[in-house]
Amino acid sequence: MRLSAMRYKTFVWPHNPRTYAIEYQRTMAVNKVPYGRYQLQDLGPTRRILRGEGEFVGEEAYAQFQALASVFYQEGPGLLVHPVWQCANAYFAELSLAQEPRRDYVRYTFAFWESYDGYAQGLSESAAAQSSAGTETSGGSSAARWHTVVKGESLWSIAAQYNRSLNELIALNPQIKNPNLIQVGEKVRVA
């Protein structure tokens, strides 16, 4: 099985990094119960971090690293497309050389921090109405179709099930603030 190339913003890796690891973190608090033991409080998940190590080889090795470094200096988050993992809106947080670069070989490490933009400034009446409406007509004779999320599904798997691209599904569902986080029972518009 040939994996697709990893990409971030305008940079496409000529070959995927050698290693990568994804870190999940959850914030927990410990509260002391008077005259008792303690109670754990789950404060929820925090950022997800994708770390890795790669290398550029050949006559263009240093030029490829320079191109990656120029993307690092661009401000703001971008779409990180990983060959195996789900797409994420992420910040390019770390980039370092793991050795002194040679003309034909550069080894580097990197880290991306997933961005979470799911905080709304206020309630959107139209988004709330869309998510609770079930099936509704969209102004004409064609009816909107909805899918109810079940355990283990992602937007990517739902898009594949209905022969749509992930970007089409995201565009149909502006109420979903974080495409990487959908809940069981949530309604997703598929047509």
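Student: Let's start with Trp-13: buried or exposed?

Tutor: Trp-13 is buried, because its relative accessible area is 2%. Buried means under 20% relative accessible area, exposed means over 50%, and partly exposed is in between (1.4 Å probe, protein chains only). Before we go on, this is a predicted model, in which local features need pLDDT of at least 70 and side-chain atom pairs count only at pLDDT 80 or more, while totals for chains, interfaces and linings use all residues. Residues are numbered from 1 along each chain as its sequence is written, and side-chain values use heavy atoms, with hydrogens and water left out.

Student: Which residues is Trp-13 in contact with, leaving aside neighbours within four places in sequence?

Tutor: Contact means heavy atoms within 4.5 Å. On that basis, Trp-13 touches Ala-5, Met-6, Arg-7, Tyr-8, Phe-56, Leu-68, Tyr-108 and Phe-112, its neighbours within four places aside. Take Leu-68: it is 55 residues from Trp-13 along the chain, yet their C-alpha atoms are separated by 8.6 Å. Trp-13 itself sits in the loop between S2 and S3. Those labels come from DSSP runs numbered from the N terminus: helices are H or I with at least four residues, strands are E with at least two.

Student: How many helices and strands are there in the protein?

Tutor: The protein has 4 helices and 11 strands. It counts 191 residues, 29% of them buried.

Student: Now the sheet. In what order do its strands run?

Tutor: General idea: strands of a sheet pair through backbone hydrogen bonds, either parallel or antiparallel. The rule used here is that two strands pair if DSSP finds at least two bridges between them. In this model 7 strands make an open sheet, ordered S2-S1-S7-S8-S9-S6-S3, with antiparallel pairing. Its edge strands, S2 (11–12) and S3 (19–23), each pair on one side only. S1 (residues 7–8) pairs with S2 over 2 bridges in the antiparallel sense, and Tyr-8 stands opposite Phe-11 in S2.

Student: And what packs on the sheet?

Tutor: Helix H1 (residues 61–72) does, touching S1, S2, S6 (49–57), S8 (88–97) and S9 (105–114). The direction of H1 makes about 130 degrees with that of S8. For such angles, axes are lines fitted to C-alpha atoms, for helices over the stretch in contact, and the values run from 0 to 180 degrees between N-to-C directions.

Student: Why is S9 described as largely enclosed?

Tutor: Because 7 of its 10 residues are buried, S9 is largely enclosed by the rest of the structure. S9 is joined to S6 by 9 bridges, with Gly-52 partnering Phe-110. S8 and S9 are joined by 7 bridges, and Phe-92 has Phe-112 as its bridge partner.

Student: How many salt bridges does the count come to?

Tutor: Side chains of opposite charge can pair when their charged atoms come close. The cut-off is a side-chain nitrogen of Lys or Arg within 4 Å of a carboxyl oxygen of Asp or Glu. That rule gives 7 salt bridges. One of them pairs Glu-55 with Arg-18, at 2.3 Å from N to O. Glu-55 is in S6 and Arg-18 in the loop between S2 and S3, 37 residues apart. Glu-55 counts as buried at 16% relative accessibility, whereas Arg-18 counts as exposed at 57%.

Student: Which salt bridges are joined into one network through shared partners?

Tutor: Start with Arg-51 and Glu-94, whose side chains meet at 3.4 Å from N to O. Arg-51 lies in S6 and Glu-94 in S8, so the pair ties together parts 43 residues apart in sequence. Another salt bridge joins Glu-53 to Arg-107 at 3.2 Å. As for the network, salt bridges that share partners join Glu-23, Arg-51 and Glu-94.

Student: Last one: which residues make the nonpolar surface patch?

Tutor: Patches use residues with over 30% relative accessible area and no salt bridge, joining like charges within 9 Å and nonpolar side chains (Val, Leu, Ile, Met, Phe, Trp, Tyr) within 5 Å. Here Met-28, Val-30, Tyr-38 and Leu-40 make a patch of about 430 Å². Areas come from the Shrake-Rupley method with a 1.4 Å probe, and for residues only the protein chains shown count as cover. S4 (26–32) and S5 (38–45) each supply at least two of the patch residues. Met-28, placed in S4, counts as partly exposed because its relative accessibility is 43%.
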